[in-house]
Amino acid sequence: MTRPVATDVRIDNDSKQLVIHLSNDGEFRYPLRHLPKLGAASLDQQRNIRIWGGGQFLRWESVDEDISVPQLLAGVCSWAEIDGESVYEATNIDESIH
């Protein structure tokens, strides 16, 4: 089984949701109220996103926001593992950014 990763991301300010298009043709929506930095960001800041790590990570440099797609999906779905790997292991994703 291949884990889904982000292929495109946008913020829908009408519905106040982060919208992640996934590699399995799915779409995942997450309320901005749980992501206050993104909800308060300007439109330009919201659009300035970097998808990296093969679609596993999202980065908004201007608002210092990082999101792990597997952890976000796991937290919402309450999965403890994806493909036999723990999604809750501590990972410093900032090391990969610099």
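**Note on the predicted chain**

1. The chain exposes about 6,000 Å², of which carbon and sulfur atoms supply 46%; accessible areas come from the Shrake-Rupley method with a 1.4 Å probe. This is a predicted model, in which local features need pLDDT of at least 70 and side-chain atom pairs count only at pLDDT 80 or more, while totals for chains, interfaces and linings use all residues. Residues are numbered from 1 along each chain as its sequence is written, and side-chain values use heavy atoms, with hydrogens and water left out.

2. Of the 98 residues in the chain, 38% are buried (under 20% relative accessible area, 1.4 Å probe, protein chains only). Among contacts (heavy atoms within 4.5 Å) with a separation of 6 or more, 34% come from residues 24 or more positions apart.

3. The chain holds 4 helices and 8 strands, in the order β-β-β-α-α-β-β-β-α-β-β-α from the N terminus on; these are DSSP runs, with H or I over at least four residues for helices and E over at least two for strands.

4. An open sheet is formed by 3 strands in the order 4-5-6, with antiparallel pairing, where two strands pair if DSSP finds at least two bridges between them. Strand 4 (50-52) and strand 6 (65-68) are the edge strands, each pairing on one side only. Neighbouring strands of this sheet are turned by 20° against each other on average, direction ignored, the axes being lines fitted to C-alpha atoms.

5. Strand 4 is joined to strand 5 (residues 57-60) by 3 bridges, and the two run antiparallel; tryptophan 52 has phenylalanine 57, in strand 5, as its bridge partner.

Definitions and conventions. Axes fitted to C-alpha atoms, helices over the stretch in contact; angles between N-to-C directions. Buried < 20%, exposed > 50% of the residue type's maximum accessible area, 1.4 Å probe, protein only.
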